Amino acid sequence: MREQYRHMMERVTLDEDKKEEIMNQLREAKPARRFPRPLRTALIAACACLLLMGSAFAAVYAMGGFASVELQETESGKPGYGLTGGDFRFLSAESLTDEVLALAETDPAYATRYFIGQDWSAAEAFSGVTLPENPVIDALDIGGCFLSVQSNDAGPTWLHFQQWTRGLAVSISAEAYTDLMGEALDPEDFFVGRYFAPGYELSTEEYITRSGLSAVIVHLAPGDGMPDPEKYNTCERYEADLMLDGFRYHINIDVDGSSEEALEQLHGILEGFAL
Amino acid sequence: MGEASKKREGVTDVDPQELERLFSKYADDVFRLAYSYLGSRPEAEDVCQTVFLRLAEGKAALPPEGEKPYLLKWTANACKNALRSFWRRNVGELDETLLFKDPTDREVYAAVKALPPIYRAVIHLYYFEGYDQREIGEILKISRTAVQTRMARARELLRKELSDDEGTVPAHDGACDAR
């Protein structure tokens, strides 16, 4: 079959006239106008509708598989951090299930739809996406999960999986882009900002697992001027962000007992990932 | 480090002479993959033009090594977009078997053309370009398992299509063996 196929395809060539026509177009083509990289990054950050104050607050690091991790503060005084870049591997939109494609086709605008299931494996089965294994997460008392999908005219562009434990003390999310988005945006331009109630004091550290995986851990300690705890989550918290197998992971743990126990639980979850 | 990050390292913009070299060297390869994917000369020509114009306009740059796999990757992406287009979904295809003079070529082409496009791409990259499963997976951005599955299904379908010519497609021709 191979030889027969080769024999047939060797006869498939671009006509010389067509080659000349395309070559002439290439000679006349002018470089497309591109924003310089810092400006493009800034524009995307602006699209997130967050006007950030450039201040002495900012400190930039590269860890967790991200190009940079930066402590920031919004104009309204909310502290937080921004993650830029990431070692993304775009999912093939073709490999997604018909159910996900149907969600995207239902409304081809940049819409978000939700699939709500009992656990993450249900969302995996629904989407056709296999997430990196983590037996520590599997052993948690999961209370529910959802999968959200964003799409453009061509199909699904972004999938976001999230699950949480009963009582909501721990939440874990993983997100990835499809190859339909890959053409539109450079991974180095991806930006996500996480912002919290005013008054939190943030500190970051890098955690390296025994298998060598790097993660960003952010500690949120309630400080002066915290808002009404009835309206905002104001408890002490740990956040972790990392890139793994092309997915951007985010883990949040509310400190329900001692701070050490919460951090230990977070380390345990991170150690559950294998490179 | 992921592929996306690798693409950013050591990329080079293409000067006119380099562009001409790349076009002369790879135009037919790009065209063949597009043709196998889309089954239409005019559409394959459009994809070929799109891929090289992208390079000429500086919208993408090739890494110093692996020029061909990257061009084929862009080709596959352009073909996927073409398959999703309104025009494609609403206009019938031409019968291009008539373009082949050799009856065997016509028969093989008709059998391959009957395959879904995603199978045709795998068949082409394996049978014609000689890539292994991992390389095909990288070009088409699918898992190695998906390559194996598509290859197996494609071979099964080809076997059925060419069943009046027993032995043309052996039950196992090594297509899915790790290389």
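User: Leaving aside its neighbours within four places in sequence, which residues is B:Val122 in contact with?

Analyst: Two residues are in contact if their C-beta atoms, placed from the backbone, lie within 7 Å. For B:Val122 that gives B:Ile136, B:Val147, B:Arg150, B:Met151 and B:Ala154. A word on the model: it is predicted, so local features need pLDDT of at least 70 and side-chain atom pairs pLDDT 80 or more, while totals for chains, interfaces and linings use all residues. Residues are numbered from 1 along each chain as written, with chains lettered from A and ligands numbered from 1 in written order.

User: Which residues touch the most other members of the largest nonpolar core?

Analyst: In soluble globular proteins, nonpolar side chains tend to be buried together. A nonpolar core is a set of buried Ala, Val, Leu, Ile, Met, Phe, Trp, Tyr and Cys residues joined through C-beta atoms within 7 Å; buried means 20 or more other C-beta atoms within 10 Å of a residue's own. Here the core has 55 residues, and B:Ala34, B:Cys48 and B:Val122 touch the most other members. Its largest share, 10 residues, is from helix α2 (residues 16-38) of chain B; helices are DSSP runs of H or I, at least four residues. Domain 1 (1-94) and domain 2 (99-166) of chain B both contribute, so the core lies between them; the bounds come from an automatic or database domain assignment.

User: Which strands does β11(A) pair with?

Analyst: Strands are E runs of at least two residues, and two of them pair if DSSP finds at least two bridges. β11 (residues 214-222) of chain A runs antiparallel to β10(A) over 9 bridges, and 5 bridges join β11(A) to β12(A), also antiparallel. A:Val216 stands opposite A:Glu206 and A:Asp241.

How values were computed: Buried ≥ 20, exposed ≤ 12 C-beta atoms within 10 Å, placed from the backbone.
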